[in-house]
Amino acid sequence: MSGISFENLKGLAREEVVQRQQQDGFNELPTQGKRKGLEILIGVLREPMFLLLIACGALYLLSGEFQEALMLLGFVFVIIGITFYQERKTERALEALKDLSSPRAYVIRDGEKTRIPGREVVCDDIILLSEGDRVPADCILIHAVNVSIDESLLTGESVPVQKTSTKETSAEIGKPGGDDLPFAFSGTLVVSGQAVGIIKATGIRTELGKIGKALQSIEEERTPLQIQTGKVVRTFAIVGCILCTLVIVVYWLTRGNLLEGFLAGLSLAMAILPEEFPVVLTIFLALGAWRISKFRVLTRRVPAVETLGSATVLCVDKTGTLTLNQMTVSDIVAGNQVFKVEKTNEILPEEFHEVVEYSILASPVDPFDPMEKAMKELGEQTLSQTEHLHSSWTFQREYPLSKELLAMSRVWTSASGEDLVIAAKGAPEAIADLCHFDAPKLKWLGEKIDMLSNQGKRVIGVACARQRKTNLPEEQHDFQFKFLGLIGLEDPVRPNVKGAIEECYTAGIRTIMITGDYPGTAMSIARQIGLQNPDQHITGSELEALTNEQLAARIKEVNIFARMVPEQKLRIVQALKINKEIVAMTGDGVNDAPALKAAHIGVAMGGRGTDVAREAASLVLLDDDFNSIVTAVRMGRRIYDNLKKAMMFILSVHIPIAGLSLIPVLLKWPLILFPVHIVFLELIIDPACTLIFEADKDDSGVMNRKPRSIDAKLFEGSTLLKCFFQGGLTLAVTIAIYLFIRNDHSTETARALAFLTLVVCNLGMILSNRSLTKSSISMLKEKNAAFKWVMTGTVAVMCLVLTIPFFKNLYRFGSVSLNDFFLALAGGLVAIILMELVKVIPLFNRKNRFAKNV
């Protein structure tokens, strides 16, 4: 590290290092410890729905129905396997933070400069930093030369901050963000300059470590759908167990056959227990994740697919999410003329050439700083055919930025060997000081600065000077500088963001900007993207003064939160939850990770995002396209709508199955349904039918309605009424066919035709429920390959079951004539026609949220 003397820097002795490592531990973040496979499996099997399914399979085995048991348990273990695989994808956020917080580091120990792993850094170590280094731990800078550090992963601020040094090594380290502070933080990146620091915090005590601790303390919440489904499952389970026991007892007391009673009770339990719910949820969410992946959105937590459709608030990090996180020159001021840089390949007027020329000369040849990169890029694209680029000039000396003068100058020798050329750039006020501006000029400069800064732009002043080839002065003030102009830079908004936010508003989704940047910049971006209430904002310091209740009240109106730190972002998400909002949070930095994890749906940027953000999020945008969020919302709403239709179908199907299991016991009829029949209905037809509902397209107005309430019920009154009507109608038709056939046919034949009628009615319910407003005939015209496959497959299987002796014996069916076959079909057709009439009855449709939800 040139320019810095290490003679008086001895650093820690080896014994002191060992002592501190024993006292404080290594400079890394503690992990929660990975769960073993057996622990994950036990956690999966504790789910009530899986316990019920396994219990049913065990009952089949005890009853001697081995084929039915194998059929059921095989399907159960497939579902458990899928869930187990998802659970194995546990959080790796702390591991990602651990890697980020432990880069290689140069330290001085025993008076020698040595390179060590970042995890071995301890408090009071003397650390050496230079351009391109990642800071290994929080430190106080005791020496700094032209140092700027990118702290965007902690603050969200896109522009690197300038650093100064201090002799007060006992001072308490402040918060990240802001210029002219002598603090450097773990995980941040040195953009330019050289520095020496003393480590003051390592591991979990660093700012980065505090974020890791916040992540560790946040527990994932179950989605509203998971909670409601759990309640439905418990209700069904309790009712099923009670009725199962009742049937066994009644059958035994009235008929004296415990084994037959056991089978009857088992059939009823199977009819009532919600075996299909885990199947349906798994299939819908898994296929939903697959469909969303086609739009370059990766689903890390499958339940978020459905929850995203109900999001009411979208919290957006500005840098890298709304903007490109790439500084560009937007304005050039020369005299009273202002040039707007719309396209980098357009012709730059001659009067602005010198401003760009000297801004490049005042920067390193191969710049690391994003603003210097932007100036060089503009010059290469607009001055390439002019005499204003000087690759042949020789660099002589640099006058770095200092706390007293926020400007830097670089001295060059031209190719002709004439006078020295000095180029200066920096804060406009500092450049004005170098140029000795009087009061009128300062007033003029202030107006130009305000013009650009009010638009949220960073403003850089540029000046030049010439000097004869003599000894160079010690200070920049000794040159006779000429003011050339100003350069305005901005982090441009992503091209499609404005349209995406408009669509969010149309869909009833409010957008909130949370950023570590300054209020002026945030409000300027808000106006560009069409954010509501762009003139209202809350800063980090203002937020600190608010209680949780006050914040929850103010957040109902304010959409801009500026100068935020990680803990404050988390508070914003929690305040929105207090207001019963369903929160989606986007972000790409480490500073976003706690809020991403705390939100109902965390959406990370995959291209520019950090590993920490991606691991903490539920969804990852692989191409960083903000429009993908809107697409994912649309998909989420489609998934919920279709999922609700499937759930309605399942509930409707359970009613006739339960009735056909219970009524024969109460009326002392021969059993109509045995467990094998219910396995066929529930584990072959029903899951296959979920593919039909899942494949249906969304309604045209799905993004023109408000999100559903967080308290919205999966089965509200009108939905339950329709389910009971469909199920009751199917039960009545099936019983009628059974009794009619039993008059002059065997019990086995009556059972076969009743089962056929039930299957036909089930297929009719599928067709009717595909749309709650359109007719079944119109839905037949809608393309749905799954529907064709299910219809064809069901007809084929039923033909096999009714004709092949092995299956007839397995299902206890008798022979069926062609006339009887058509009779069953006719009964099913009558039920389907009546189901269609329900769609025009207001009683069943007054709360239809699919038809209208605005």
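Me: In this predicted model, is Asp110 buried, partly exposed or exposed?

Reply: Asp110 counts as partly exposed, because its relative accessibility is 43%. The cut-offs behind this reading are under 20% for buried and over 50% for exposed. As to its place in the chain, Asp110 is found in the loop between strand 1 (104-109) and strand 2 (112-117).

Me: What is the phi of Asp110?

Reply: The general idea is that most residues other than glycine have a negative phi. In this structure, phi of Asp110 is near 55°, a positive value in a residue other than glycine.

Me: Where does His436 lie, and how is its accessibility classed?

Reply: His436 lies in the loop between helix 15 (428-434) and helix 16 (439-453). With 52% relative accessibility, His436 counts as exposed. Its phi is near 60°, again a positive value in a residue other than glycine.

Me: Which orientation do helix 24 and helix 27 take relative to each other?

Reply: The axes of helix 24 and helix 27 (residues 747-769) cross at roughly 160° and come within 10 Å. The two helices are therefore roughly antiparallel, the cut-off for that term being over 145 degrees. Their crossing is right-handed. Helix 24 supplies Lys645, Met648, Phe649, Ser652, Val653, Pro656, Ile657 and Leu660 to the contact, while helix 27 supplies Leu758, Asn762, Met765, Ile766 and Asn769. The contact of helix 24 with helix 27 has 9 nonpolar, 3 polar and 1 charged residues.

Me: At what angle do helix 17 and helix 24 cross, and which residues make the contact?

Reply: Helix 17 (residues 497-506) and helix 24 have axes that come within 8 Å and cross at roughly 25°. Helix 17 and helix 24 are therefore roughly parallel to each other, and the crossing is left-handed. Ala500, Glu503 and Cys504 of helix 17 make the contact with Asn627, Val630 and Arg634 of helix 24. By class, there are 3 nonpolar, 1 polar and 2 charged residues in this contact.

Me: What does helix 24 touch when it packs on the sheet?

Reply: An open sheet of 8 strands has the order 8-22-21-20-9-17-19-18, and its pairing is mixed. Strand 8 (297-299) and strand 18 (538-539) stand at the edges; each has a single partner strand, so one side of each is left without a neighbour in the sheet. Within the sheet, strand 17 (residues 510-514) and strand 19 (residues 560-562) run parallel and are joined by 2 bridges. Met513 stands opposite Ile560 in strand 19. Helix 18 (residues 519-529) lies across strand 17, strand 18 and strand 19, running at about 150° to strand 19. Helix 24 (residues 627-666) packs on the sheet and touches strand 8, strand 9 (313-317), strand 20 (583-587), strand 21 (601-605) and strand 22 (619-621). The direction of helix 24 makes about 140° with that of strand 22.

Me: How many residues of strand 14 are buried, and which residues lie on each side?

Reply: In a regular strand the side chains alternate between the two faces of the sheet. Strand 14 (residues 420-426) has 7 of its 7 residues buried. Leu420, Ile422, Ala424 and Gly426 lie on one side, with Val421, Ala423 and Lys425 on the other, and both faces are covered.

Me: Which strands pair with strand 14?

Reply: Strand 13 (residues 407-413) runs antiparallel to strand 14 and is joined to it by 7 bridges; Val411 has Ile422 of strand 14 as its bridge partner. Strand 13 and strand 14 form a hairpin with 6 residues between them, and Gly417 in the turn has a positive phi of about 75°. Strand 14 also pairs with strand 15 (residues 458-467), in the antiparallel sense over 7 bridges. There, the bridge partner of Ala423 is Cys464 in strand 15.

Notes
Residues are numbered from 1 along each chain as its sequence is written. This is a predicted model: local features need pLDDT of at least 70, side-chain atom pairs count only at pLDDT 80 or more; totals for chains, interfaces and linings use all residues. Side-chain values use heavy atoms; hydrogens and water are left out. Helices (H or I, at least four residues) and strands (E, at least two) are DSSP runs, numbered from the N terminus. Buried means under 20% relative accessible area, exposed over 50%, partly exposed in between (1.4 Å probe, protein chains only). Two strands pair if DSSP finds at least two bridges between them. Contact means heavy atoms within 4.5 Å. Axes are lines fitted to C-alpha atoms, for helices over the stretch in contact, and angles run from 0 to 180 degrees between N-to-C directions. Angles under 35 degrees count as roughly parallel, over 145 as roughly antiparallel, 65 to 115 as roughly perpendicular and the rest as oblique. A crossing is left-handed if the near helix is turned anticlockwise from the far one by less than a right angle, and right-handed if clockwise. Ala, Val, Leu, Ile, Met, Phe, Trp, Tyr, Cys and Pro count as nonpolar, Asp, Glu, Lys and Arg as charged, and the others, Gly among them, as polar.
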